[in-house]
Amino acid sequence: MAYLPGCCRPCATCLLCLYSCQWITAKKEKRKGLRTTKCDCSWFLFLFCVFLFTLVWLYFAIIILNDFHNFNEFIFKQRKLWVDWSLVLLIATAVLITYSAVLLVLALCLQLCSQPLKLHWLHKTLLILTALVVAAAFTGLGIKWAEEWRSARISLQATGPFLHVGIVGGMTLLAWPLASFIYCTHNTGLKVFLLLMYCTVMIALYLAPLGITSPCIMEENQLPPKPALVGHRGAPMLAPENTLMSLRKAVDCDVQVFETDVMVSADGVPFLMHDEELSRTTNVQAVFPERAVLNSTAFNWTDLQQLDAGSWFLERKPFPTVQSLSAGDRYEATQQRIPSLEEALEAAKQSNISIMFDLRPENHSDYSGFVNATLEVILQSGIPLQQVLWLPDGFREQVKQQAPGVRQVYGRKRLQNEKEPLLHVNLPYQDMSSEEIRQYRQDNISVNLYVVNQPWLFSVLWCSGVSSVTTNACQVLNEMKHPIWLLPSNTYLMIWIVVDCASFLAILWAFFLLK
């Protein structure tokens, strides 16, 4: 049995033990005549594919973290159980990727040491289970959360250039065990097949930058202004959502618009609340246990004022940032009550920020009464009407007549031959391409995209020229003075050429050195 220089016999035996789950010494290996069979090669190929499959899932898991709070809320509505499922996702993904990566490294080291690849049946079973778990995760993502596929496509605008460098580097390192295997095997057909496959993949990778596009590949002087920040229910990472404390924290983050949700109580008082039920963000289960499942609009204002709208924030910790709150902020959170729209408008007027809201629930039988009650509060509040951004589509023409100064924000793209041109649109960030954002900007249409929490996503939209973004992480995005990365096209071209040339020379060196 041949060994490469520097590959000691005890190390090779240890590697074989870990990979095969058997303590096989060199003497026993020689006596048993162990060799890598076609079946073993097939299992190694399966291992490599499972590793790539899991690696792709890891990428998706990191990308969907931007929207995972929505998933946590969805599960709470279904099960009445609050868990930060992002931690479960990351831990499970880390275990799967670590396991397959360790096995792959062992296999590559064994190949370099000219040892047989005898994968144990336990590893085979676990690899099949890994593949099934990841396949189930992708299937569930496609069925229940299909918009995240569009998020992944957007993410490639931020990560594409770096993924290209990483993949080229990984495939270049793979040249060493590949060269070792080709020189050791006597199957000419297999040699030709592997070389053709490897060369095809590398040529495709070398040419991949021709298809990589990113709005952040531009000159510094072409960078659009930084998007304004819209606080999603205030600053929900720093205070209980849709409370006056959350509004004040948003103001501290230089947020220009406070985005909230309005409902109307049974006795006609508009108040701030997102969910149709009160159980997630109040202690209604303790105060009114027999009415906890009722719609928020079924409670009168006196009842709503009895509810604690802040302690849940400290108990459930919807975001990791809750743990870092000061003692003063923790006490203030416990004192929060459900604010009325009148109180929110007064706070917005005093802070000189705008307020944008949805009016829920849209399918209520007395929705027109909700609109009238809300308009009455707005007109009586004394807030400048241009600071009010109206999102609901229902009875929009009535709103225009009664409060013509209110800014109308549409949750759709503009239509062809539209009678009245749109001035403000509010859409999910997945619904607009960089090209559409640029076109709307040229046409003086303000575009707000939601919900943007991760710096990489904010950077892509900044480079695209979006007007504003709705965010849970105003304290993070406010600190960003520049996109995460910005590359002039000439610099990117130079990096592309250097990486590809270095990779090509390293591959030639690997094949000639091991010959």
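**Burial and overall build**

I began with burial and found that, of the 515 residues of the chain, 50% count as buried, where buried means under 20% relative accessible area, exposed over 50% and partly exposed in between, with a 1.4 Å probe and protein chains only. I noted that this is a predicted model, in which local features need pLDDT of at least 70 and side-chain atom pairs count only at pLDDT 80 or more, while totals for chains, interfaces and linings use all residues. Residues are numbered from 1 along each chain as its sequence is written, and side-chain values use heavy atoms, with hydrogens and water left out.

I then looked up the extent of the C-alpha trace, which spans about 90 × 55 × 40 Å along its principal axes. The chain has 21 helices and nine strands; helices (H or I, at least four residues) and strands (E, at least two) are DSSP runs, numbered from the N terminus. Among contacts between residues at least 6 apart in sequence, I read that 68% join residues at least 24 apart, a contact being heavy atoms within 4.5 Å.

**The annotated span**

In UniProt, an unreviewed entry lists residues 227-481 as "domain: GP-PDE"; its positions are given in the numbering used here, feature names are shortened, and annotations may be inferred rather than shown by experiment. In the model, the end C-alpha atoms of residues 227-481 lie 11 Å apart, and the span is 34% helix and 16% strand.

**Helices α7 and α19**

Next I asked myself at what angle the axes of α7 and α19 cross. The axes of α7 (residues 147-173) and α19 (residues 455-464) come within 9 Å and cross at roughly 75 degrees, with axes taken as lines fitted to C-alpha atoms, for helices over the stretch in contact, and angles running from 0 to 180 degrees between N-to-C directions. The two helices are therefore roughly perpendicular to each other, since angles under 35 degrees count as roughly parallel, over 145 as roughly antiparallel, 65 to 115 as roughly perpendicular and the rest as oblique. On the α7 side I found S151, I154, S155, Q157 and A158, which meet W456, L457 and V460 in α19. By class, this contact has five nonpolar, three polar and no charged residues; Ala, Val, Leu, Ile, Met, Phe, Trp, Tyr, Cys and Pro count as nonpolar, Asp, Glu, Lys and Arg as charged, and the others, Gly among them, as polar.

**Aromatic pairs**

I found 18 aromatic pairs in the structure, where rings of Phe, Tyr and Trp (its six-membered ring) pair if their centres lie within 6.5 Å, and planes under 30 degrees apart count as stacked, over 60 as edge-to-face and the rest as tilted. One of them joins F60 and W149 edge-to-face, at 5.0 Å centre to centre and 70 degrees between the planes. This pair links distant parts of the chain, with F60 in helix α3 (residues 38-63) and W149 in helix α7, 89 residues apart. F60 is buried at a relative accessible area of 8%, whereas W149 is partly exposed at 31%. I also noted that F53, W57, F60, F138 and W149 form one aromatic cluster.

**Backbone details**

The peptide bond from R360 to P361 is cis, with omega near -15 degrees, and P361 is placed in the loop between β4 (354-359) and α16 (367-381). I found a cis peptide bond joining Y450 and V451 as well, with omega about -20 degrees.
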